[in-house]
Amino acid sequence: MSTENEGAAVPSEAKPPTGPRPDSASASASGARTPGVPSAAPPPPEFAPTVTSAAGAGFDEPGRMPPYSDGRHPQPGYGHPGDAPADDRTSQFPTYAAAGPGAGAGGWGQQPPYGGGGDPWGTTGSPAPKRRNGGLIAAVLVAALVAGGIGGGIGFWAAGQSDSDSTTVSASGDPGALNRKPTSVSGIAQKALPSVVTIEAQGAGGDGGTGTGFIYDKQGHILTNNHVVASAADGGKLTATFSNGKKYDAEVVGRAQGYDVAVIKLKNTSGAPLNPLPLGKSSNVQVGDATIAIGAPFGLSGTVTTGIISAKDRPVASSDGGGTSASYMSALQTDASINPGNSGGPLMDAAGNVIGINSAIQSAGNGGGLGGESQQSGSIGLGFAIPIDQARRVAQDLIKTGKPVYPQIGVQVGMRDTGNGATIARTGNNGSDSVTPNGPADKAGLKPGDTITKLDDTVVDSGPTLISEIWQHKPGDQVTLTYKRGGKEHTTQVTLGQRTGDK
């Protein structure tokens with residue numbers, strides 16, 4: 001079958017013309033010519049053989065090929081309509097396939113084109129006449145040269161015209177073609193940005209920095225990180241700038257150093273767009289969930305980045321874990337780009353609900369440690385957020401009393417040993433008891449030297465991990481501690497106590 005007309009029927013046998021033809025070659029029943037007799041042009045259309053496909057469907061009339069998909073009829077010997085006049089009686093028929101292995105009765109196999117030798121009727125022997133083909137090639141070359149000349153002239157003429165004749169294509173500008181539904185990143189960002197503020201904190205001595213916060217309620221409370229506002233907490237100055245450019249003075253309501261959570265409030269809420277962001281449930285978050293972070297990295301307000309939840313319950317200390325100013329969290333880890341200035345901003349899920357407060361990043365520029373923004377050099381895709389379930393509880397305490405409330409078990413543990421658990425110190429700081437007398441741990445039977453390895457079902461590998469897990473709970477919650485003493489494993493129930501304020 002010819003590849004130029006995939007829909008054409010396959011020819012069977014050719015009928016010889018009925019009248020005398022002095023210059024024609026004799027043909028066998030299969031259509032093969034007698035060897036040694038010069039080839040002549042195929043019969044004119046009125047003597048064309050009737051061709052039948054394997055299914056028995058023939059041409060619509062003798063000598064006429066099946067129509068193209070638009071209903072036009074190609075002329076014999078040409079690949080497309082209009083290549084030659086319809087009455088050109090010297091035109092050759094299209095190349096049919098030669099019979100070969102596997103062909104059915106009366107069928108035709110593959111046939112090389114005329115240029116590859118062989119007879120247009122599918123037999124080997126005398127080559128096809130060259131005269132007609134040469135004329136066609138010459139005609140094509142002439143046409144190409146003429147077309148080239150015309151094209152060159154048109155190109156020269158077009159070059160001198162105005163830009164209004166440009167052939168570039170402009171976009172339709174249809175916003176409906178873009179994914180800007182309310183649940184898209186664009187839709188969530190447009191709704192959330194007016195509720196995210198850039199915080200500028202300046203201490204009494206002139207030190208300070210920039211961070212982010214978001215509207216917590218309609219009373220003008222803003223949720224952020226403690227380390228964002230700490231420099232302005234004592235006699236400094238705080239401002240909050242909205243996405244519309246309006247700036248408002250603010251004051252610290254309360255801050256929790258251990259949680260790295262703070263609440264500030266606008267001093268004058270007149271005209272402020274107080275639209276609180278919806279708070280989700282960080283306990284429902286799963287690894288792989290989409291995330292959206294909004295903040296002011298390096299002072300670039302209103303920056304939106306996206307990623308996923310890379311891990312949950314990641315124990316993170318915002319310093320080396322040994323200082324009095326350390327903050328601990330059982331963090332949500334995300335690969336959304338977070339940089340200095342993002343701290344305090346919302347980490348949202350794919351529905352636009354806040355699931356965490358961006359707080360810390362791991363950076364290649366800080367020696368592998370986790371810490372405050374002054375130590376960070378940039379994001380490498382390891383960002384950490386305080387779970388909103390914990391931050392909400394802390395914020396409520398700060399708004400009510402101005403002081404944080406911490407759950408505790410009443411022990412002092414080593415903060416630098418990692419891998420084997422959290423070991424209760426033999427002696428406490430400054431000679432104090434490492435197990436608070438009559439405290440929760442003491443009542444549960446824990447002693448100095450015990451190594452705590454689990455809190456409920458969570459493996460505890462270090463002191464910071466134990467603190468992070470305890471601070472996920474509320475005072476009064478009961479937890480199960482697994483610990484080792486003298487090489488043996490034990491479990492005990494502990495009811496969490498509480499401590500108010502930072503020390």
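Two strands are taken to pair if DSSP finds at least two bridges between them. Helices (H or I, at least four residues) and strands (E, at least two) are DSSP runs, numbered from the N terminus. The model is predicted, so that local features need pLDDT of at least 70 and side-chain atom pairs count only at pLDDT 80 or more, while totals for chains, interfaces and linings use all residues. Residues are numbered from 1 along each chain as its sequence is written, and side-chain values use heavy atoms, with hydrogens and water left out.

The chain holds six helices and 19 strands. Of its 503 residues, 41% are buried, where buried means under 20% relative accessible area, exposed over 50% and partly exposed in between (1.4 Å probe, protein chains only). The accessible surface of the chain is about 25,800 Å², and carbon and sulfur atoms account for 52% of this area; areas come from the Shrake-Rupley method with a 1.4 Å probe, and for residues only the protein chains shown count as cover. Among contacts (heavy atoms within 4.5 Å) with a separation of 6 or more, 60% join residues 24 or more positions apart.

Six strands form a closed barrel in the order β1-β2-β3-β6-β5-β4, with antiparallel pairing. Neighbouring strands of this sheet are turned by 40° against each other on average, direction ignored. Axes are lines fitted to C-alpha atoms, for helices over the stretch in contact, and angles run from 0 to 180 degrees between N-to-C directions. Strands β1 and β2 (residues 208–215) are antiparallel and share seven bridges, with Gly-211 of β2 as the bridge partner of Ile-199. These two strands form a hairpin with five residues between them, and Gly-206 in the turn has a positive phi of about 95°. Strands β2 and β3 also run antiparallel and are joined by two bridges; Ile-215 stands opposite Ile-222 in β3. Their hairpin likewise has five residues between the strands, and here Gly-220 has a positive phi near 100°.

Between β5 (residues 247–256) and β6 (residues 261–266), six bridges are found in the antiparallel sense. Gly-254 stands opposite Val-263 in β6. Helix α4 packs on the sheet, where it touches β3 (221–224), β5 and β6, and its direction makes about 55° with that of β6. The loop between β5 and β6 contains Asp-260, which has a positive phi of about 60° although it is not a glycine. Asp-260 is buried, with a relative accessible area of 3%. A positive phi, near 50°, is also found for Asp-313, a residue of strand β8. At 40% relative accessibility, Asp-313 is partly exposed.

A nonpolar core is defined as a set of buried Ala, Val, Leu, Ile, Met, Phe, Trp, Tyr and Cys residues joined through side-chain atoms within 4.5 Å. The largest such core has 53 residues, and those with the most contacts inside it are Leu-223, Val-261, Ile-409, Leu-466 and Leu-481. Helix α4 (residues 388–401) gives the most to this core, with five residues. Apart from this core lies another, of 18 residues, including Val-197, Ala-201, Ile-222 and Ala-232. When residues up to four places away in sequence are not counted, the residues touched by Leu-223 include Phe-214, Tyr-216, Val-261, Val-263, Ile-357, Ile-388 and Ala-395. In helix α2 (residues 185–192), the buried residues include Gly-187, Ile-188, Ala-189 and Ala-192. The cover of the buried residues of α2 includes β1 (196–202), β7 (290–295), β8 (303–317) and β10 (346–348).

Rings of Phe, Tyr and Trp (its six-membered ring) pair if their centres lie within 6.5 Å; planes under 30 degrees apart count as stacked, over 60 as edge-to-face and the rest as tilted. Five aromatic pairs are counted by this rule. One of them is the tilted pair of Tyr-406 and Trp-471, at 4.8 Å centre to centre and with 40° between the planes. Tyr-406 lies in strand β13 (residues 405–408) and Trp-471 in the loop between α6 (463–470) and β17 (478–485), so the pair ties together parts that are 65 residues apart in sequence. Ring pairs link Tyr-406 and Trp-471 with Tyr-259 and Tyr-328 into a cluster.
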